[in-house]
Amino acid sequence: MFDNTCEFIDYCIKNNKSVGLVSLEKEMSKNNLSKEVIFDNLKSVLKVMKESSHEGLDKDMSSMGGLIGTEAKLLEEYRKTQKSLSGDFILSAAAKALSTSQVNACMGRIVAAPTAGAAGIMPAMIFSIREKYDLTEEQILYGMLASGSIGKIIATKASISGAEGGCQAECGSAAAMAAGALVDMLGGSPDQVFHAASFALINIMGLICDPVAGLVEYPCNIRNASGVYNAYLSADMALAGIKSPIPFDQVVESMNQVGNLMHTSLKETALGGLATTEAGIKIKKDLGIK
Amino acid sequence: MKEYGIFDILGPIMVGPSSSHTAGANRIGNMSRIIMGRPFKKVKFYLHGSFAKTSVGHGTDKALLAGVMGLRPDDERLPSSFELAKKAGIQFEFIEKDLGYQHPNTAKVEFHLEDNTIFYVIGSSVGGGNILITNINGTEVEFSGNNPTILIRNKDTKGVIAHISTVLSIAEVNIATMSVVRKDNIATMVIEIDSYIDENLIEKINTSEDIVYIAGINPIEG
């Protein structure tokens, strides 16, 4: 429907429509679906996101590889009982991100958004902003649609796979989607939506994917937690009027280039980074993974 | 270039931890079960490459077994598939094996039937939960199951393809792709179509005496 993001933004501005609304129209025309069907599907997605982002907040879990499982509860208890450094709101979001990552690593149900490894960021954003701003479900659904458009652009022009682009392609994409959705839900302009998405990608451009023992556990979980921080900061900067001098499409192209230049050992193969530290190798060996 | 939809990005809903090693593995199991289409008493999974190396940490084994029992990638019972299989009296075994295939995430699913015959399917998990079925009982095939797929084995004689395409045409079914492989006087046909397959359509195709096997495979959601 649009060749590039500039056209997308122009169309939104000319027709006085939000990125979320135009995303809905595109989705309806793509598969000849009604708004009701799309919203019903989004609600199913939202339900799973709600469960996964809350399940780990008050219980100890144990992941398949045993590397993670209690982090969400620890952070949530710390947030509630102590004067934290980064503040109550942002920590509540981070705890929710950790929760979904844990649920994923424990073979629970999650929504790949855009991937399983980065599944914590979108739900953490949605259910923290919802508590803070008392947003309607419809506002949330339009924000999700906007995030979908951002993810589609990245998936098309670059990659959302850690094996192809490193963690920047997974947690970076998720943070960009969440940042853009935040701006859209809070009534920011279409260009602000994409400035926010650009900031989020730029903030972690070059981030490698180096899963310890090859498992989707650590450091995936803490990168989901920092991913939701990244989304909030990026959205705030865009809403404050800060602009990215590099347009979103070019940021994505650059991220793709960085992903291509990244050595294979740093792209989900567990042959570099944290995976090949002394401790990382020991963990792998102790788990009996070859 | 693939045109993504919103739910390719916000989805799928799946049991973790990995779209390739868990959801994709489950789809291979499910697809194998549908292709085989009969009750079985025992199933052996031969795990190749990365599937062999990181199976336990990704629940690949549990996902495969859940698949052959018909549990979908988003079914929360997936982690307890070992217990479910034991309850159902299904024997299962996982064997690390170099299958000599290129894709690192590959499994061979070998069913042992009541009459002691063996039926096997080989599939690879190629990323994002997508799979490719590459071999059925020694016949090389290639299909993803992302589209409704009709799988047919027939005696390699004249008129079978004409019969099938006539039935599809009358039913107003549009063929997306079609491929035929011949081996030992048997032709294996993979037909991908644009609309969902119902039993009625399969029965109509199956009226030809030259057809020795047929299965209709709709996409595995979740």
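Asn224(A) is found in helix H11 (residues 220-239) of chain A; helices (H or I, at least four residues) and strands (E, at least two) are DSSP runs, numbered from the N terminus. The model is a predicted one, in which local features need pLDDT of at least 70 and side-chain atom pairs count only at pLDDT 80 or more, whereas totals for chains, interfaces and linings use all residues. Residues are numbered from 1 along each chain as its sequence is written, chains are lettered from A and ligands numbered from 1 in the order in which they are written, and side-chain values use heavy atoms, with hydrogens and water left out.

Asn224(A) counts as buried because its relative accessibility is 0% (buried, under 20% relative accessible area; exposed, over 50%; partly exposed, in between; 1.4 Å probe, protein chains only). The side chain of Asn224(A) reaches the backbone oxygen of Gly117(A) at 2.8 Å, and a polar atom of that side chain lies 2.8 Å from the backbone nitrogen of Gly120(A). Leaving aside residues up to four places away in sequence, the residues touched by Asn224(A) include Ala97(A), Ser101(A) and Cys171(A).

Between the chains, the contact (heavy atoms within 4.5 Å) takes 39 residues from chain A and 30 residues from chain B. Chain B and chain A bury about 2900 Å² between them, 68% of it on carbon and sulfur atoms; buried area is the accessible area (1.4 Å probe) that two parts lose on being put together, summed over both. In chain B, the most area is lost to chain A by Ile6(B), Ile9(B) and Leu10(B), together 24% of what that side buries. One salt bridge is counted between chain B and chain A (a side-chain nitrogen of Lys or Arg within 4 Å of a carboxyl oxygen of Asp or Glu). This salt bridge joins the side chains of Arg109(A) and Glu76(B) (3.8 Å, N to O).

Strand E1 (residues 109-111) of chain A pairs with E1(B) in the antiparallel sense over three bridges, pairing being assigned if DSSP finds at least two bridges between two strands. Val111(A) stands opposite Ile13(B) in this arrangement.

Within chain B, strand E6 (residues 130-136) and E7(B) also pair in the antiparallel sense over three bridges, with Phe143(B) as the bridge partner of Ile133(B). E6(B) and E7(B) form a hairpin with two residues between them, and Asn137(B) in the turn has a positive phi of about 50°. Strand E7 (residues 139-143) of chain B has a covered face, Thr139(B), Val141(B) and Phe143(B), and an uncovered one, Glu140(B) and Glu142(B). In a regular strand the side chains alternate between the two faces of the sheet.

Note on methods
Polar contact = N/O pair within 3.5 Å; in protein donor to acceptor, adjacent residues only side chain to side chain.
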